[in-house]
Each structure stands twice: as C-alpha cells, then as structure tokens.
Amino acid sequence: MAAHTFVILFLLTALTNVLGRVTYSDEIENFLLEMRAKCKAESGASDESILSSLNGGKMAEDEAYKCYLWCTLYSLGKMTEDNKEVDVEGSVAKLPQDLVDAGVPKIIRACGTQKGATDCETGFLTLQCYQQADPDIFITI
C-alpha cells in the first residue's frame, strides 16, 4: 500500500463520529495492528495510557505515551524526520468526503504542528490540539 494512503489513516481511525461507518480492508487493519504493536514496543507506553485515550479519556502525559503518539504520526506519514511538521494541506487534500463534512480540515489547519521540546512532545501536543478542538470527534489510536 502506498505511503500516502497512510496519511489519512490516522484521521480515519481517530474519528468517533465516522468510525462506525468506516470499514477497513484486511491490509489496512493488519497495518494498523502492526503499527500499534510496533509503536507500543518502541515507546514502552502502557496499555492503560493507550486505552484511556481510546475510550475518550484524558490523554496520558507520560513520556512513553507521548512517544507512542509520535511513532503513530510518523508511521502514518503525518510527520517526517527532516522537518517534523504535519503536512497540513497534503493531509486535508487526501481526506474522504465524510471527514471533510465533519469539519476535520478546519481542525487540522487550526492546529497545524504544535511544537514541543522533543519529537514525542510535538506528537502529543499536536494530537492533543485535535482532541481539544473537538472532543466529540477525535480520539487517539
């Protein structure tokens, strides 16, 4: 599967209002499961931290969870090693119509990249911005 396809997977996975209507191919499901396992292992994030945010809870502020979030963004092609910024317009351009209708482009543009002191904190702050902009829509993966 092409890397650009993964640019929107985070958003597809992270929208509670759209999630019930989205079906994934086996290839995408397997990729997401592998990515989560890889990022969990690399970061050392606890199941509790990940599950709390998945269930609409507050995002954990521990460093391991922040690094888990960075890893997912990087793995999905949302952030790159060289500029460590979200490709805002590239992400918006690849959104399916359901996400456009849900107002996601406005949130992505408003949040942009929220720079932190570390890559992990940048991932955390960016996703926290998405979630705070509309907690009824966004959860994290």
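This is a predicted model: local features need pLDDT of at least 70, side-chain atom pairs count only at pLDDT 80 or more; totals for chains, interfaces and linings use all residues.

Reply: Start with one term. A residue is buried when its relative accessible area is under 20%, and exposed when that area is over 50%.

Now the setting. The protein has ten helices and zero strands. The protein has 141 residues, and 45% of them are buried.

How many disulfides does a search of the whole structure find? Three. Each such link is a covalent bond between the sulfur atoms of two cysteines. Count the bonded cysteines along the chain, and the pattern is 1-3, 2-5, 4-6. Let us take the pairs in turn.

Next is the pair of Cys67 and Cys120. The S to S distance is 2.0 Å. The angle about the bond is 100°, and this link is right-handed. Cys67 belongs to helix H6 and Cys120 to helix H10, so the pair ties together parts that are 53 residues apart in sequence. Is Cys120 buried or exposed? Its relative accessible area is 12%. That is under 20%, so Cys120 is buried.

The remaining pair is Cys111 with Cys129. Here the sulfur atoms are 2.1 Å apart. The torsion about the bond is about -85°, so the link is left-handed. Cys111 lies in helix H9 and Cys129 in helix H10, so the parts tied together are 18 residues apart in sequence. Apply the cut-off again. Cys111 has 5% relative accessibility and counts as buried. Cys129 has 18%, and it counts as buried as well.

Look at helix H10, which holds Cys120 and Cys129. H10 has 15 residues. From its first C-alpha to its last it reaches 21 Å, close to the 21 Å expected at 1.5 Å a residue. Its buried residues include Gly123, Phe124, Leu127 and Tyr130, along with Cys120 and Cys129.

In soluble globular proteins, nonpolar side chains tend to be buried together. The largest nonpolar core here has 29 residues. Met59, Tyr65, Tyr68, Leu69, Ile108, Leu127 and Tyr130 touch the most other members. At least two residues of this core come from each of the helices H4, H6, H7, H9 and H10. Which helix gives the most? H6 does, with six residues.

One wider view to finish. Take the contacts between residues at least 6 apart in sequence: 64% of them join residues at least 24 apart.

Terms used:
Residues are numbered from 1 along each chain as its sequence is written. Side-chain values use heavy atoms; hydrogens and water are left out. A nonpolar core is a set of buried Ala, Val, Leu, Ile, Met, Phe, Trp, Tyr and Cys residues joined through side-chain atoms within 4.5 Å. Buried means under 20% relative accessible area, exposed over 50%, partly exposed in between (1.4 Å probe, protein chains only). Helices (H or I, at least four residues) and strands (E, at least two) are DSSP runs, numbered from the N terminus. Contact means heavy atoms within 4.5 Å. A disulfide is a pair of cysteine sulfur atoms within 2.5 Å. The expected span of a helix is 1.5 Å times one less than its number of residues.
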